[in-house]
Structures are given as structure tokens and as C-alpha cells.
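Here is a short tour of charges, contacts and a couple of backbone details in one protein. Have the sequence and the 3D view open as you read.

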Amino acid sequence: LGVSIVGLERALLHYTKEPSVTPFDIKTVPIDTTPLIPKQTRAEVSASSASAVAPVVTRQDIYVEQLAAIPEFADLGNLFKSSEKVIELTESETEYVVCCIKHTFQQHIVFQFNITNTLNDQLLEQARVDMEEPDGYQVVSSIPAASLPYNQPGTCYTLVEITDPDVVSGTFLNTLKFKVRDCDPTTGDPDSGVGYADEYVLENIDVSLADHIQRLVRPNFAVSWEEVGEENQVVETFTLSSMKDIPGIALYSFLYYLSSHATFRCCKTND
């Protein structure tokens, strides 16, 4: 099965805790993703094959474990997918370095913000990202990073509900809000004062169709396509005028936009 073992375990556990007349659906289990293991040489592979094979831990499995440990996310269901690339919301040389990872669930998106305070004379407290949502989405809650000392990364989260299932894309406007306490640059000890509120404008975050699509490898794509049914098929037209190399770059840009695989050698193009 091309599914995450950790995800399958959690899905079965969730299903048994809440009995239902509906049979368990294996399609609700997150698929397996690229393992977080280094490449091995031929000698290392030969040596390791003689020993017991350890379970492969994927990037998706790690996110599943991390999010499951947060009580506010316990009832969201199975994690469908996490964004493949980290979204940089600031420049790397700025006072506060912030990046984002999107975690898509059935009816929610969890935005994970990794924050680093690069100012050695400041201690940030209760740091959170205030998000202005587009139509079709509703901010539910946020979990702040309690304390961000100098050069020690921290994480905060924002939970957003998908209120309109027909809306798959939108742009979120983001502002990092926090309390600042001055501190000794040498020791890092904060002053006795209560500090003051401050904020920092971040780059926008786009939610796109790719956040709702998971790559799957099908042995027989034609059969799988027919099983989907015409009622679930969508026809759209894409403008590729900005692409100079239509047969090459445009095709792979299209696959990236849809978070999809090429099949039936359709990635082969004619000049």
C-alpha cells in the first residue's frame, strides 16, 4: 500500500474511537511521502540489508506526530498533506526571520510559522501571526510562541477553517504580533519591565489548488480516471504566455501548480 504507516495507524485508531456505520475508507489515509533518510552508498546498503530493516520515517509522519501532540488540533481528522516547500515570509537578513508550512486537513488548514529572533537585545513573548483571510476561509484560533530568545527558533500556529468547499485558492495577509522585552545582549536576561507590544508585516501566503491535491502513482491511469466519473472532472484553460519554452518549462510548471505527476509519458513533448 502506498500509504503512510503512521497515518494508517492513527486513522484506524480514530475510526475505532468513533464507531460508524460507514466502512473504513483507506482513501482517507495520507499517502506515503519521501523518506527523511540520507542516500546510502552500495556498501552501506549491503551492510544494512543484513540487519533488521528499521521503519522508514517520512516528512509527513513527522508532521502527523507533531500536530497530533497539540490538543487544539486533535479533532481535525487525518492530515491530508503538508506543503512541499517552506514559504519564506521575510528576508533572511531581517530582524525577525519567519517561514511557513501549510498543513491541509479535510475542513481546515493549519499554518505553522517558524520564527527566529535575530536581535540579541530583545526577548519576544507571545508571538503570533495575525492573518486576514480571504472569502471562503475563517480564522478559528492561534497558538502563540510563548518566548523567543535571541537566535532560538520557535513555532506558532494559526488554525483556519475552510468554510466554502468550492473555494480552493486565496491570499492571506499576515502580520507578526508580539510583546518585546529589552534584555542584556551578553546574558540574555530580560529587564524587569513588562515590555511593549509591537508588530512586523510579513509577506502574503497563497493557498492554491496544489494544497488540495496529493500526488499518486497509478499502475493503470485510464482505469482510475474512469472510476472518478465525469461529475468530478473539471476542464480549465491556462494562459502560458509568460513561458518562453512551452514544450519544456511550461509543462513542468503546470505539473507543479497542480501538484501532480505526469503519466503515460505525457512529459515527453515534441519540439
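What follows goes through the model a few residues at a time.

## Before we start

This is a predicted model, where local features need pLDDT of at least 70 and side-chain atom pairs count only at pLDDT 80 or more, while totals for chains, interfaces and linings use all residues. Residues are numbered from 1 along each chain as its sequence is written, and side-chain values use heavy atoms, with hydrogens and water left out.

## Salt bridges

How many salt bridges does a search of the whole structure find? The search turns up 4. To count as a salt bridge, a side-chain nitrogen of Lys or Arg has to sit within 4 Å of a carboxyl oxygen of Asp or Glu.

Take Asp 211 and Lys 102, whose side chains meet in a salt bridge at 3.0 Å, N to O. Asp 211 is in the loop between β11 (205-207) and α4 (221-228) and Lys 102 is in strand β3 (residues 96-104), so the pair ties together parts that are 109 residues apart in sequence. (Helices, H or I with at least four residues, and strands, E with at least two, are DSSP runs numbered from the N terminus.) Asp 211 counts as buried because its relative accessibility is 7%, and Lys 102 is buried at 7% too. Here, buried means under 20% relative accessible area, exposed means over 50%, and partly exposed is in between, using a 1.4 Å probe and protein chains only.

Now look at Arg 128 and Asp 130, a salt bridge with its closest N and O atoms 3.6 Å apart. Arg 128 is partly exposed at 29%, and Asp 130 is partly exposed at 31%.

Which residues are linked in a network of salt bridges? They are Glu 125, Lys 179 and Arg 181. Within it, the closest N and O atoms of Arg 181 and Glu 125 are 3.1 Å apart. This pair joins distant parts of the chain, with Arg 181 in strand β9 and Glu 125 in strand β5 (residues 122-132), 56 residues apart. Arg 181 is buried, with a relative accessible area of 18%, and Glu 125 is buried at 14%.

## A contact with the backbone

Gln 60 sits in helix α3 (residues 59-68). Is this residue buried or exposed? Gln 60 is buried, as its relative accessible area is 3%. Its side chain reaches the backbone oxygen of Phe 80 at 3.5 Å.

## A negative patch

On the surface, Asp 121, Asp 182, Asp 184, Asp 189 and Asp 191 gather in a patch of negative charge. Patch residues have over 30% relative accessible area and no salt bridge; like charges are joined within 9 Å, and nonpolar side chains (Val, Leu, Ile, Met, Phe, Trp, Tyr) within 5 Å. Asp 189 counts as partly exposed because its relative accessibility is 47%.

Gln 126 isn't a glycine, yet it has a positive phi of about 50 degrees. You'll find Gln 126 in strand β5, and it is partly exposed at 45% relative accessibility.

Asn 151 also has a positive phi, near 60 degrees, and is a residue other than glycine. Asn 151 lies in the loop between β7 (145-148) and β8 (154-162), and it is partly exposed, with a relative accessible area of 49%.

Key:
Accessible areas come from the Shrake-Rupley method with a 1.4 Å probe; for residues, only the protein chains shown count as cover. Lys and Arg count as positive and Asp and Glu as negative; His and the chain ends are not counted. The place of a charge is taken as NZ of Lys, CZ of Arg, CG of Asp or CD of Glu. A polar contact is a pair of N or O atoms within 3.5 Å; within protein, one must be able to donate a hydrogen and the other to accept it, and residues adjacent in sequence count only if both atoms are side-chain atoms.
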